[in-house]
Amino acid sequence: MPYTEQYSTLFLQRLMEVLFRETLDVHPLPWKEIVAQASVIPCGRYKDGVELNMSVLMHKFAQKHKDPNNMHKLVMEDSAKVLSATSVQLNDLLINPVGSFEQPGEGVAVLRRSWFGVHLRKIRLGYMKLSEAGVQRLMKAYASWVDGESMDDYEFGPEVVSLPGFMLIPTTSDHANPSTTDAYELFERDQHIGNLPGAVDNLRQYFDQRFTQGRQPPRQHALNALAHYYVGAGEVESARQGESLTFLFQKRFEAVGALDLPPDMQIWPLETQWQIWAIDAQLWRLAGMASVAEITDKIVLANTSPKDDVRLFTLCTTARQHFLRGEYLEAFTVLLEKDTWAQLSLTQFGYWSEQVWWLMWDVATRRGQEAFKLQFLEPRKPPTSPFDAGEKGKKSPETIRKMILEAAEALTARNVTRATLLIIDALHYAEVNGYWHLYRSAIPIFADLELQRGKIQSARKRIEAILPQVARGEDLEQRAMTYAIYAKVKMAQSQSIDKELLSEALGYLKMAEDDYRKLEMPASIQDMLYLQAVVHEAAGEAMLRDSASKSLREVEEVEEKLSIGLDEPMIAVWDVVCEIGVAVAHGDTYCP
């Protein structure tokens, strides 16, 4: 709209509200009613001391564009100018209309990716594809609408557009082929022969078809099949689609809807619901509610048999939860129990053995067993999954987790700039998508960076915001790191003078040390003992300082032995895995 600065902000807000409502309705209101609604508030623009009548101006505008040349200029040229404007965002007007146009010369800009921008671009594209006959019919319908006559010519839907002569540039979306089951049949074939990439690709092709609006809900079936297949392949990251938790929980309920269809439309067995429950558990874990996820895990395990993919996946997830709590013996026990590996297929064995290997690798990483990792585990690393080889977006949980780890490594290497960039991205995507477990893992790193910048209060507020949730102990490493950073905050606040704050810092350091000892992380234990020695020194407690220093040297000796030696119990575990692999290949893993 020209001369936008000369109109009142309230009028502009009212006009935008009317226009926004019209973009939502396929069948528009009569033109006279739109004019009446927009003119309720005075426009606030004056000419020769008299306020302009907006109703008259709008009617003149509409009559002017009955001319096809003027209509063409409006749709193809004027709309492009609006989309390219940058002076004031439309969102600013809608959210904070008062004072939005205080500076002279400002106007309304419609961002290309805003709701209005997308609507304008859709209009332009639709207009560009019309033939001369199509434009004539459009102008006839427009004239009837402006004059308040019959709207019969307005119905310009696909059944009309598809008639010969109306489309100058027909596209695939204008003449879409009906959906078929060919892609789904190919998916079932690839699934049967174990062609993972082909199965996923064919299922996605089936899902991407344009389905009819009848009673059959193939979208839910495709979603169910995709989630079912991903879980069977152990690829829950892919099953979650890397979207926000709200979106994922919504899709979970859509999948459940396919199980509640009438009997004549039911194509999924009721056993399919346990796969949905398994994904549900992972969503709760991402939300930082591992205790709720464990209840769901028990439901899945109580209703599945050893040969089921979803049972195997749930058991592997249970083992991973034990790992997070530092319960390594329990984790390996779950994976090596006969009920876990009995009746495994070759595909299932590949997934199960990969989970055992990664558990061994992660435990060795925590212990600092670098020689064992290099000499024994590295040569036995399982091949990369076809799903892992694919490109994942920044919003996926796996990518966020990777950014957190890389930020921690950069911080350890004193590369503050890289650590800051990575952790800010991780925090943003974790918070926006509701991945609160990952968010709590990222906060201590960010708080540590804040401390290094001297922002003590900012670091304190960040840590205290997650402290109650972290204290539950669902992830001991996360809790230990949070306690450690909180102790550093207390130390910084005390300035080596306030003994009460130093005492509080010492308490959190001891709790962090206890967690790290349970996790068997000697390098982190040394860090906690060193900080304890610093606190005792500041408090004038020489004997306690010396005791902490002695303990530190003892842990250093343990770390040195672990770093150069092989882990015989771990090697024995892998020998068992190999024996089970031979039995699986011969079909000898069935329970008696």
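Colleague: Is Ser-353 buried or exposed?
Modeller: Ser-353 counts as buried because its relative accessibility is 12%, where buried means under 20% relative accessible area, exposed over 50% and partly exposed in between, with a 1.4 Å probe and protein chains only. This is a predicted model, in which local features need pLDDT of at least 70 and side-chain atom pairs count only at pLDDT 80 or more, while totals for chains, interfaces and linings use all residues. Residues are numbered from 1 along each chain as its sequence is written, and side-chain values use heavy atoms, with hydrogens and water left out.

Colleague: Which helix does Ser-353 lie in?
Modeller: Ser-353 belongs to helix 19, residues 346–367, helices being DSSP runs of H or I with at least four residues, numbered from the N terminus.

Colleague: And what is Ser-353 in contact with, leaving aside its neighbours within four places in sequence?
Modeller: Ser-353 is then in contact with Trp-574 and Val-577, contact meaning heavy atoms within 4.5 Å.

Colleague: What about the largest nonpolar core, how many residues has it?
Modeller: The largest nonpolar core has 99 residues, and those with the most contacts inside it are Trp-352, Met-360 and Ile-400; such a core is a set of buried Ala, Val, Leu, Ile, Met, Phe, Trp, Tyr and Cys residues joined through side-chain atoms within 4.5 Å. Helix 19 gives the most to this core, with 10 residues. A second, separate core of 23 residues includes Met-71, Leu-130, Met-139 and Tyr-142.

Colleague: Back to Trp-352, what is in contact with it beyond its neighbours within four places in sequence?
Modeller: Among the contacts of Trp-352 are Leu-312, Trp-341, Val-577 and Ile-580.

Definitions and conventions
Helices (H or I, at least four residues) and strands (E, at least two) are DSSP runs, numbered from the N terminus.
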